[in-house]
Amino acid sequence: MIPCILNIAQRFYALVGTMIDKFQAIIDVRSQREYAHSHIPNAINYPVLDDEEYEKIGTLYKKDSFSAKVRGASLVCKNISKHLMQLENIITPAKPFLIYCARGGMRSKSFFVVLKNIGYQVTRLEGGYKTYRKEVTNYLDKTPKHKFITLVGKTGSGKSEIIQNYKDSIDLENLAQHLGSSFGGICGFQPSIKQFQNMLYDKMIKLEQAPFVLIEGESKKLGEIIIPSKLYQSYQNSPKILITSPLEHRIQRIVKQYGVISREFFQTSMQKISPFMEKRFWLEAQEAYNKEDLEKVAEILLVKYYDKVYKKDNYQAKIEVQNIEDSMPKIQKIAKSLINVE
């Protein structure tokens with residue numbers, strides 16, 4: 001049976017792991033700005049005080065705490081009334097759901113009391129998001145329990161596609177919304193470091209029992225996101241599989257992935273790599289881009305820039321990838337043999 005008050009003094013998923021799937025929803029009642037910055041993965045936002053209200057009540061509280069409580073309670077009641085009508089079509093009283101605010105204080109308590117008395121199976125996260133975040137940082141500060149198999153290889157060799165197609169894997173680029181290179185910002189806005197950590201924690205917890213976990217040998221930094229040191233050290237020191245692929249296939253992957261970037265993005269990225277690339281090849285890539293010969297651009301950048309700056313890794317096995325689907329059984333077979341080697 002799921003308790004009404006969820007104590008997170010123990011690890012969040014250690015306590016909830018067997019029942020997390022039983023929660024039909026996780027409700028974050030903090031303001032929109034707090035939620036947008038970071039939240040528990042898959043939580044949906046129903047703020048009991050919006051950004052402006054939260055700021056005003058906080059300012060008033062410093063001057064007159066009682067008046068702030070009266071005004072705040074009035075606003076909370078108004079907003080809860082609105083949310084109840086919306087939640088009626090989303091949440092059923094037949095299944096439990098989780099609710100939390102910043103510190104497990106009045107915002108979540110207020111909504112919790114109303115929902116509980118109506119008859120919903122609602123559980124409140126004691127200590128709120130602050131305590132959840134403490135668990136996340138504590139977890140990521142420790143050496144992972146996972147048995148990693150690290151994929152290394154040149155740009156465009158197919159490492160990312162293998163990661164995306166294997167169930168027990170951690171796709172750091174996807175979590176960070178950055179591909180790790182000078183052109184890696186094509187994914188758009190990156191999450192906050194806290195949100196990245198939350199998503200990483202969520203993924204790592206769920207993979208603790210996996211026989212092995214595939215991960216790419218990413219550098220310490222992906223755009224503005226810094227990989228936790230213990231995780232970075234762990235996958236860098238794990239058995240490595242070198243992924244190779246014919247140049248023509250690498251070119252095709254790069255064109256498919258980067259072919260939609262804007263001219264402005266291309267020029268900005270080219271400026272970043274100009275100090276590290278021979279000028280004649282840099283100009284040749286520019287000319288090819290102006291002619292819309294994207295395959296030529298990809299070939300020049302791969303051969304004359306990325307392959308030259310690629311840091312060669314020691315590896316325990318090697319696979320040439322031509323077809324991702326055909327390569328998956330080979331990856332799995334080699335990975336199993338590697339984790340059994342002391």
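**Group meeting: helix α14 and its neighbours**

Let's start with a helix pair. The axes of helix α11, residues 247-258, and helix α14, residues 294-309, come within 9 Å and cross at roughly 110°. Keep in mind that this is a predicted model. What does that angle make of the pair? α11 and α14 are roughly perpendicular to each other, because angles of 65 to 115 degrees fall in that class. As for handedness, α11 passes α14 in a right-handed crossing.

Who makes the contact? On the α11 side we have L247, R250, I251, I254 and V255. On the α14 side we have L294, E295, A298, E299, L302, V303 and D307. Sort those residues by type, and you get 8 nonpolar, no polar and 4 charged.

Now take one residue from that list. A298 lies in helix α14. Is A298 buried or exposed? A298 is buried, with a relative accessibility of 4%. Leave out residues up to four places away in sequence, and A298 touches I251, I254 and V255.

A285 takes us to the next pair. A285 is one of the α13 residues in contact with α14. Helix α13 covers residues 279-290. The axes of α13 and α14 come within 8 Å and cross at roughly 160°. That makes α13 roughly antiparallel to α14, because the angle is over 145 degrees. This crossing is left-handed.

Again, who touches whom? From α13 come F281, E284, A285, A288 and Y289. From α14 come L294, K296, V297, I300, L301 and K304. By type, this contact holds 8 nonpolar residues, no polar ones and 3 charged ones.

On to another helix. Where does Q197 sit? Q197 is in helix α9, residues 193-206. Q197 counts as buried, at 18% relative accessibility, because the cut-off for buried is under 20%. Setting aside neighbours within four places in sequence, Q197 is in contact with R133, V136, T137 and L140.

Next, the cysteines. How many disulfides does a search of the whole structure find? The count is 0. C77 is in no disulfide, and the nearest cysteine sulfur, that of C101, is 15 Å away. The cut-off for a disulfide is 2.5 Å between the sulfurs. The surroundings of these two cysteines are worth a look as well. C77 is exposed, with a relative accessible area of 53%. C101 is buried, at 2% relative accessibility.

Last, the whole chain. The protein chain has 15 helices and 12 strands. Its C-alpha trace spans about 70 × 50 × 35 Å along the principal axes. Of its 342 residues, 49% count as buried. Then the contacts along the chain. Take those between residues at least 6 apart in sequence: 72% of them join residues at least 24 apart.

That's the tour. Questions, please.

Note on methods: Residues numbered from 1 in each chain as written. Predicted model: local features only at pLDDT ≥ 70, side-chain atom pairs only at ≥ 80, totals over all residues. Heavy atoms only, no water. Buried < 20%, exposed > 50% of the residue type's maximum accessible area, 1.4 Å probe, protein only. Axes fitted to C-alpha atoms, helices over the stretch in contact; angles between N-to-C directions. Helix = DSSP H or I, 4+ residues; strand = E, 2+ residues; numbered from the N terminus. Parallel < 35°, antiparallel > 145°, perpendicular 65-115°, else oblique. Left-handed = near helix turned anticlockwise from the far one by under 90°. Contact = heavy atoms within 4.5 Å. Nonpolar A, V, L, I, M, F, W, Y, C, P; charged D, E, K, R; others polar.
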